[in-house]
Amino acid sequence: MAWEQVIGQERVQLMLQRAIVRDRVPQSLLLTGEDGAGTLAIAIAFARVVNCEQPVVSGDRIDACGTCHACKQNHSLQHPNVRFVISYPSGKAETDDELPKEVVEELKEAIQTVAADPYVPFQLTNATQIRIGQIRDLKRSLALSSAQNGRRVVIIHHADEMKVESANAFLKTLEEPHENVTLILTTAHPERLLQTIVSRCQEVVVPPLDDDQIISALVSGGWCTHDEAVLLAPF
Ligand SMILES: [Zn+2]
């Protein structure tokens, strides 16, 4: 089940689930909040649910079945409809194909890690920025028809790491209509995004978790005892 990885955020979960159930999924979503609030966790759950072949629906609630072919692929985030854009380390590489072999491996591992725990920092070593080549590559891939049924979801993690050149290129992609595509931007710094990007997205504020939610997540995840969690939660 996709949403079980998300800690709290009941209001955000319900809003997104309702949009999926009512077939009003936005073309672009901006999830603003700290990483610890679960912006990436929410984006990943969303991607899993909209691609599930037999979603479990109950009223306004919807979850992935966890057992269909798409869910099995998405368990490890290997579904062809789900794509990530994250900052690259400095170097010449402008697209995934141009990354040095070791960085490709690191990226694969990072995706595996967040598939299992979407609260782990999702970044490459010495990452600096989202390159314009990545955005052009994204644009090219969106122009092709999807290989598999479902909805293509592109998660642009820490979208504020696009510099002006990339952001302008991305704005053009945002302005183009794409069928069955949702672009999800996550950021803790919406003020660093181009205002024209923000205004084209449906913004969803993901508030910080409160201490009780952090404590129960730490304990239920087996990370520590309740007493230790009480000491850790404020940090
Ligand atoms: Zn499924």
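Donors are N, O and S atoms within 2.8 Å of the metal (3.2 Å for Na, K and Ca), and because water is not among the atoms, sites may look incomplete. By that rule, the donor residues of the zinc ion follow the sequence spacing C-x12-C-x2-C-x2-C. This is a predicted model, in which local features need pLDDT of at least 70 and side-chain atom pairs count only at pLDDT 80 or more, while totals for chains, interfaces and linings use all residues. Residues are numbered from 1 along each chain as its sequence is written, and side-chain values use heavy atoms, with hydrogens and water left out.

**Zinc site**

- The zinc ion is coordinated at 2.3 Å by the SG atoms of Cys-52, Cys-65, Cys-68 and Cys-71.
- The angles among the 4 donor atoms run from 103 to 118°, and the site is tetrahedral, a label given to four donors if all angles lie between 85 and 135 degrees.
- For four tetrahedral donors, the ideal angle at a metal is 109.5 degrees.
- Cys-65 and Cys-68 are both buried, where buried means under 20% relative accessible area, exposed over 50% and partly exposed in between (1.4 Å probe, protein chains only).

**Aromatic pair**

- A search of the whole structure finds 1 aromatic pair, formed by Phe-84 and Phe-122, which is edge-to-face with 5.3 Å centre to centre and 80° between the planes.
- Rings of Phe, Tyr and Trp (its six-membered ring) pair if their centres lie within 6.5 Å, and planes under 30 degrees apart count as stacked, over 60 as edge-to-face and the rest as tilted.
- The pair links distant parts of the chain, since Phe-84 is in strand β4 (residues 82–85) and Phe-122, 38 residues apart from it, is in the loop between α4 (101–116) and β6 (127–129).
- Helices (H or I, at least four residues) and strands (E, at least two) are DSSP runs, numbered from the N terminus.
- Both Phe-84 and Phe-122 are buried.

- Gln-17 lies in helix α1 (residues 10–21) and counts as buried because its relative accessible area is 3%.
- Beyond its neighbours within four places in sequence, Gln-17 is in contact with Trp-3, Asp-60, Arg-61 and Ile-62, contact meaning heavy atoms within 4.5 Å.
- Leu-231, in helix α9 (residues 226–232), counts as exposed because its relative accessibility is 62%.

**Helix α6**

- Among the buried residues of α6 are Ala-167, Phe-170 and Leu-174.
- The buried residues of α6 pack against β1 (28–32), α5 (132–143), β7 (152–156), β8 (181–187) and α7 (195–200).

Technical notes
Four donors count as tetrahedral if all angles lie between 85 and 135 degrees; four count as square planar and six as octahedral if opposite donors are over 155 degrees apart and all others between 65 and 115; anything else is irregular.
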